Amino acid sequence: MAWDFSTEPEFEEKLDWIRKFVRDEVEPLEVLFPGCEFLPLSEERRKIVDPLKQQVREHGLWAPHLSPELGGQGFGAVKLTLINEILGRSPWAPIVFGTQAPDTGNAEILARFGTQEQKDRYLAGLLSGEIFSCFSMTEPQGGADPRVFTTRAVRDGDDWVITGRKYFSSNASVASFFIVVAITDPDVPVHRGASTFLVPAGTPGLVIEATHHLAGAHPHEPGHSLVRYDGVRVPADALLGEPGQGFMILQTRLAGGRLHHAMRSIGVAQRAIDMMARRAKSRFTQGSSLADKQLVQAFIADSYTELMPFRLAVLHAAWLCDTAGEHAARTEIAVCKILASQVLKSIGLRAIQVHGALGLTDQLPLTGVLLGGVALGLADGPTEAHKVNLARMLLKNYQAEDPEWPSELLDKRIEAANAKYGDLLDRIPALPDSS
Ligand SMILES: Cc1cc2nc3c(=O)[nH]c(=O)nc-3n(C[C@H](O)[C@H](O)[C@H](O)COP(=O)(O)OP(=O)(O)OC[C@H]3O[C@@H](n4cnc5c(N)ncnc54)[C@H](O)[C@@H]3O)c2cc1C
């Protein structure tokens, strides 16, 4: 039996250090530099952020998602979950630890599918946290359905020429390079006809038409851009992987990314529960504390009851990734992707309610929890599409049976039991005589 919920003492020490470091050193950045996580570091920010990154490096915790070949510790997904659930508490923590999305996923596909030249050019900067990147896939006319993508890349001599428009390309305005998904063979289904390209920022024809922000975001945040690729010409070696591998590459990227989001969501939700509990014990109304009111107690109990199975689902999916590989964990990752949004929305909403009007203001980070849950129900594919996929994966394990009577019908089960044991019994069911 190898099921084990304990954490090695040496690793628990690391987690203790991370907890204290995030609380004492990183959380203050939220108010010093709000919404500046993805802005290239100014001199002023560098003075504070670089030494923090250095401390993380000295503790052997920089980029904990990476394998040792790429400069990480090779912690694996379970340990990464334990780290990421702490980092999820603060929007600055992933930057200080080098684990921020979308750069982690982009680095992962570069490491897996890039040529040595591509890695030398893009990966080193990304892994050191000195540059940001953009994953440009969603299109304005249809995000959740890649079959309607129209961005094309056409071969022209030694070059590829990319034409089309992409929407919601996060961090496009600060990215040093873009990973663009384009159709290279329109005559075959998209899972064989799409390819991915590496396009440096500033390439002629790459135009940021507009940048939209999520509600509540600061205007200086890089946001999510509508990008036009207006005959963008890139050399043949800008192709990441082989022609037609685009869909497979993006699936690889998204699977890990979804699980990382879920890991961080545990920390976001736990922080909201902590706030809710502290407020409930501190606020008095109608003769008693909120913590004494049964309806508020239900808020806290329901929130914890939602968080715990979610956390276990994420740890289980992570354990499957470690022991059997990401492909074997795809059903469980889909569950985590769906749950992350639900859990953040319902816990965020309760935490706001317990804080009363104050909970809705910009003085507390709680609307961010709620909206973060809404965003996670869309980013990396909407919940509904994931439910459809999850159902398909689950249904594959079942066979159709008699359309008139289900196999669990009592008469049918009696018939089957009779066939198996009937020669040993006088009657079925063989109940004790109660007379
Ligand atoms: C915070 C955030 C960051 C993002 N960052 C990026 C990024 O960096 N790069 C990038 O390329 N994209 C990014 N996206 C875009 C994201 O991938 C898309 O929003 C998502 O795929 C949905 O596409 P859409 O918004 O066009 O919605 P639509 O495709 O218009 O879907 C709208 C709604 O239709 C329903 N629906 C869709 N498909 C189905 C289905 N199969 N079954 C049932 N109902 C369905 C769902 O309710 C869905 O929400 C980001 C999104 C968010 C919110």
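Helices here are DSSP runs of H or I with at least four residues, strands are DSSP runs of E with at least two, and both are numbered from the N terminus. With that convention, D380 sits in the loop between helix 12 (366-376) and helix 13. This is a predicted model, where local features need pLDDT of at least 70, side-chain atom pairs count only at pLDDT 80 or more, and totals for chains, interfaces and linings use all residues. Residues are numbered from 1 along each chain as its sequence is written.

**Overall layout**

- The protein has 14 helices and 10 strands, and its C-alpha atoms fill a box of roughly 90 × 65 × 40 Å along the principal axes.
- Of the 435 residues, 38% are buried; buried means 20 or more other C-beta atoms within 10 Å of the residue's own, exposed means 12 or fewer, partly exposed is in between, and C-beta atoms are placed from the backbone.
- Take the contacts with a separation of 6 or more: 71% of them come from residues 24 or more positions apart. Contact means that the two C-beta atoms, placed from the backbone, lie within 7 Å.

**Domains**

- The chain splits into domain 1 (9-100), domain 2 (133-240) and domain 3 (248-396), with bounds from an automatic or database domain assignment.
- Between domain 1 and domain 2, the C-alpha centres are 29 Å apart.
- Five residues of domain 1 are in contact with seven residues of domain 2. On the domain 1 side, those residues divide into four nonpolar, one polar and no charged.
- For these classes, Ala, Val, Leu, Ile, Met, Phe, Trp, Tyr, Cys and Pro are nonpolar, Asp, Glu, Lys and Arg are charged, and the others, Gly among them, are polar.

**Around the ligand**

- The ligand is surrounded by 21 residues, and the closest are G143, A144, S170, P382 and E384. A residue counts as near if its C-beta atom, placed from the backbone, lies within 6 Å of the molecule.
- Strand 1 (133-136), strand 3 (159-170) and helix 13 (383-395) are the elements that give two or more residues to this shell.
- By class, the shell has 11 nonpolar, eight polar and two charged residues.

- Strand 2 (152-156) and strand 3 run antiparallel and are joined by five bridges; two strands pair if DSSP finds at least two bridges between them.
- Within this pairing, A153 stands opposite I162 in strand 3.
- The two strands form a hairpin with two residues between them, and G157 in the turn has a positive phi of about 60 degrees.
- D158 lies in the loop between strand 2 and strand 3, and D158 counts as exposed because it has 8 C-beta neighbours inside 10 Å.
- D158 and A236 are 78 residues apart in sequence, yet their C-alpha atoms are 5.7 Å apart in space.
- Leaving aside neighbours within four places in sequence, D158 is in contact with P235 and A236.

**The nonpolar core**

- The largest nonpolar core has 99 residues, and F197, V199, A317 and C336 touch the most other members. Such a core is a set of buried Ala, Val, Leu, Ile, Met, Phe, Trp, Tyr and Cys residues joined through C-beta atoms within 7 Å.
- Helix 11 (residues 330-354) gives the most to this core, with 13 residues.
- Beyond its neighbours within four places in sequence, V199 is in contact with F177, F178, V180, L206, V232, V234 and A238.

- Most residues other than glycine have a negative phi, and most peptide bonds are trans.
- A101 and P102 are joined by a cis peptide bond, with omega about 5 degrees; P102 is in the loop between helix 5 (93-97) and helix 6 (103-113).
- Another cis peptide bond joins I428 and P429, with omega about -5 degrees, and P429 lies in the segment after helix 14 (410-421).
- Q286 is not a glycine but has a positive phi of about 50 degrees. Q286 is found in the loop between strand 9 (284-285) and strand 10 (288-289).
- D380, also a residue other than glycine, has a positive phi near 60 degrees.
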